[in-house]
Amino acid sequence: MVCSPAPFLRRKNRHYSLATYILLRGVTLLMRTGNKERVRQRHPWLYAVLAPTRFAHGDTALMCAACSQIIYAFIMMPQTLPASYVRFIRKQGAKELYVWQGIRVSCWFDVRCH
């Protein structure tokens, strides 16, 4: 969570989506470590604050939210992510560029029609 403001400090390109992803990953880490028994004994206030996060698979749900933020930014607004990260997702996604563009066009079409 400490690192999430770092992408905002750059002058030219601000990477809001990446900063949101880093923030959500930090919160996920806080949830996983803060809900352990030893934290309950040492820091009862933190354990009490994290009470709403102790539902079954809450950390998984938060991780899905973080990943959905990145994939939304990649498909709809790739200019908000660093170019190296976009290249990485394209390479790992193993799809041609026209496939990603088609998904983007269909998403914009759905948004404008509803």
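Me: Helices are DSSP runs of H or I with at least four residues, strands are runs of E with at least two, and both are numbered from the N terminus. How many helices and strands does the secondary structure of the chain come to?

Reply: This is a predicted model, in which local features need pLDDT of at least 70, side-chain atom pairs count only at pLDDT 80 or more, and totals for chains, interfaces and linings use all residues. Residues are numbered from 1 along each chain as its sequence is written, and side-chain values use heavy atoms, with hydrogens and water left out. From the N terminus on, the elements run α-α-α-α-α-α. The secondary structure therefore comes to six helices and zero strands.

Me: What percentage of the 114 residues in the chain do buried residues make up?

Reply: A residue is buried under 20% relative accessible area, exposed over 50%, and partly exposed in between (1.4 Å probe, protein chains only). The accessible surface of the chain, computed by the Shrake-Rupley method with a 1.4 Å probe, comes to about 8,300 Å², of which 63% belongs to carbon and sulfur atoms. Of the 114 residues in the chain, the buried share is 27%.

Me: Among contacts between residues at least 6 apart in sequence, what percentage join residues at least 24 apart?

Reply: A contact requires heavy atoms within 4.5 Å. Among contacts in the chain between residues at least 6 apart in sequence, the share that joins residues at least 24 apart is 51%.

Me: Is F74 buried or exposed, and with which residues is F74 in contact, leaving aside neighbours within four places in sequence?

Reply: F74 lies in helix α4 and has 2% relative accessibility, so F74 counts as buried. The C-alpha atoms of F74 and V86, twelve residues apart along the chain, are separated by 6.8 Å. Apart from neighbours within four places in sequence, the contacts of F74 are L81, V86, I89, R90, W100 and R104.

Me: Which residues does R90 touch, not counting those up to four places away in sequence?

Reply: R90 is placed in helix α5, and R90 counts as partly exposed because its relative accessibility is 31%. Ten residues separate R90 and W100 along the chain, and their C-alpha atoms are 8.7 Å apart. When residues up to four places away in sequence are not counted, R90 touches F74, K95, L97 and W100.

Me: The side chain of T80 reaches the backbone oxygen of which residue?

Reply: T80 is found in the loop between α4 and α5 (83-93). Its relative accessibility is 13%, so T80 counts as buried. At 2.7 Å, the side chain of T80 reaches the backbone oxygen of M77.

Me: With which residue does R40 form a salt bridge?

Reply: A salt bridge is a side-chain nitrogen of Lys or Arg within 4 Å of a carboxyl oxygen of Asp or Glu, and a search of the whole structure finds one. R40 and E37 are separated by about one helical turn because they are three residues apart in helix α2 (residues 37-42). R40 is partly exposed at 43% relative accessibility, and E37 is partly exposed at 45%. The closest N and O atoms are 4.0 Å apart, and the partner of R40 is E37.

Me: How many disulfides does the structure hold?

Reply: A disulfide is a pair of cysteine sulfur atoms within 2.5 Å. The sulfur of C64 has its closest cysteine sulfur in C67, at 6.6 Å, which is too far for a bond. C64 is partly exposed with a relative accessible area of 49%, and C67 is partly exposed with 37%. The number of disulfides in the structure is zero.

Me: What is the phi of A94?

Reply: A94 is placed in the loop between α5 and α6 (97-113), and A94 counts as exposed because its relative accessibility is 63%. A94 is not a glycine, yet its phi is positive, at about 55°.

Me: Which residues make the nonpolar surface patch of about 270 Å²?

Reply: Patches are made of residues with over 30% relative accessible area and no salt bridge, where like charges are joined within 9 Å and nonpolar side chains (Val, Leu, Ile, Met, Phe, Trp, Tyr) within 5 Å. I71 is placed in helix α4 (residues 58-76), and at 37% relative accessibility I71 counts as partly exposed. The nonpolar patch of about 270 Å² is made by I71, Y72 and M77.

Terms used. A polar contact is a pair of N or O atoms within 3.5 Å; within protein, one must be able to donate a hydrogen and the other to accept it, and residues adjacent in sequence count only if both atoms are side-chain atoms.
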